[in-house]
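Hi,

Here is the model I promised to pass on. Have a look, and my notes follow below.

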Amino acid sequence: MIKRKCTNWLLTFRDWSLPRSEAPESFHFWAGLFTLSSALRRRVSIPKKLFGGWDCYPHLYIIFVAPPGQARKSTTAAYSEELLHEIPFVTKAPTSITVEKMVKKLEESHDQSLSIFSSEFAMFIAKSGIMMYDYLTDLFDGKKHISIETISREVDFAEKPCINLLACTTPEWIAGNMPESVIGGGFSSRVIFVFEERTRRDQLYYESLNWVFLDKLKQDLLLDLMHISTNIQGDFRLEEDAKSFMEAWYRQSQEALRGQTALNPRLSGYYQRRPAYIHKIAMLMHIAYSDELILTLDDFQKSIEIFNMLEKKLPKTFQNIGKNPFTTDLDRMADYIRERKSVPRMEILNKFTYVAQPQVLLDLLGFLIAKGQVKVVGDNYEYSDGGK
């Protein structure tokens with residue numbers, strides 16, 4: 001057995017990337033997991049003889065979600081890309097690609113695996129639109145047969161294809177561009193959304209860091225990643241206490257599932273797939289410190305803890321869906337009238353013409369009137385505190 005450079009690969013990744021970053025630690029942790037999953041591809045699994053009908057591989061779709069310009073999503077993902085760029089066995093996809101080219105690149109890779117980085121998920125989706133969601137869903141499930149109508153033939157993979165995805169986007173983009181058919185099932189149920197609202201700290205310069213030490217950590221990470229990507233292969237087995245614990249956890253979590261789904265139906269697909277995710281992350285966290293393919297009770301307990309932390313912020317990913325898109329504009333219109341006490345009808349229409357078409361503006365003013373926040377006096381609008 002080869003002695004590794006890193007006692008725990010994920011902790012070393014954190015020590016290498018976190019000191020020179022403003023991003024929340026959660027982004028670094030999931031970027032590290034993505035790096036390991038890309039290196040492993042489908043070389044390890046929990047076999048179907050344990051689950052009854054499906055193999056569990058550690059590949060992942062991860063999307064970092066944060067408001068625009070906040071939390072340093074893309075910068076953190078770039079640390080993973082920097083390492084994987086130097087691992088020759090990992091096939092990388094371009095940031096922007098069509099479905100046809102993606103499947104062709106996957107078909108041409110030596111083991112039908114592909115790692116996708118997208119600092120702007122909108123750009124990745126743009127070329128193929130809704131069709132990209134459908135194919136990413138099929139590829140996540142490892143389908144051996146993929147029908148691509150635009151290249152007039154069906155693609156057959158010698159092995160199950162393997163896609164790892166790390167992308168970045170905003171809650172606003174999800175609300176405005178991700179179809180309802182995608183949210184709550186299909187593609188989004190196969191994605192782990194990691195939500196953060198702001199940076200961990202504010203720091204501009206890093207010249208005081210020990211860059212010699214950081215370069216040493218990078219070399220250690222790369223050496224171990226090469227070892228993981230070439231020498232680790234086979235089926236995991238579970239220690240007996242780990243199996244007993246997970247069986248009890250699964251039955252208990254299924255009881256709680258109905259309540260969680262009722263609270264946020266858009267997360268129903270995620271909760272259905274959570275047991276699979278917990279096994280995936282347990283595998284990756286184990287590989288971070290050991291070549292031995294035996295999952296322990298501690299591996300599962302730590303994996304569950306990770307998801308408990310993730311789920312505290314997960315609903316915020318979809319918080320803008322279904323919101324009134326004119327909420328902010330309604331507040332601005334009401335404030336404008338309040339400050340001036342009385343505003344001619346044409347003035348308010350001209351002032352807020354950028355918001356919407358004239359009839360929509362009149363409807364918004366009508367809403368403020370019905371709410372009791374604004375009243376009509378002659379040809380003017382006047383503020384009223386009746387809606388407060």
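An open sheet of 3 strands runs in the order β12-β14-β13 with antiparallel pairing; strands are DSSP runs of E with at least two residues, helices runs of H or I with at least four, both numbered from the N terminus, and two strands pair if DSSP finds at least two bridges between them. β12 (342–344) and β13 (374–377) are at the edges with a single partner strand each, so one side of each has no neighbour in the sheet. From one strand to the next, the twist averages 30°. β12 pairs with β14 (residues 380–383) over 3 bridges, and V343 sits opposite Y381.

This is a predicted model: local features need pLDDT of at least 70, side-chain atom pairs count only at pLDDT 80 or more, and totals for chains, interfaces and linings use all residues. Numbering starts from 1 along each chain as its sequence is written, and side-chain values use heavy atoms, without hydrogens and water.

The largest nonpolar core has 103 residues. A core here is a set of buried (under 20% relative accessible area, 1.4 Å probe, protein chains only) Ala, Val, Leu, Ile, Met, Phe, Trp, Tyr and Cys residues joined through side-chain atoms within 4.5 Å. W9, W30, F64, F121 and F187 touch the most other members, while helix α11 (residues 268–287) gives the most to this core, 10 residues. Apart from it lies another core of 18 residues, including V343, the residue of the sheet that faces Y381.

Happy to chat!

Definitions and conventions: Axes are lines fitted to C-alpha atoms, for helices over the stretch in contact, and angles run from 0 to 180 degrees between N-to-C directions. Buried means under 20% relative accessible area, exposed over 50%, partly exposed in between (1.4 Å probe, protein chains only).
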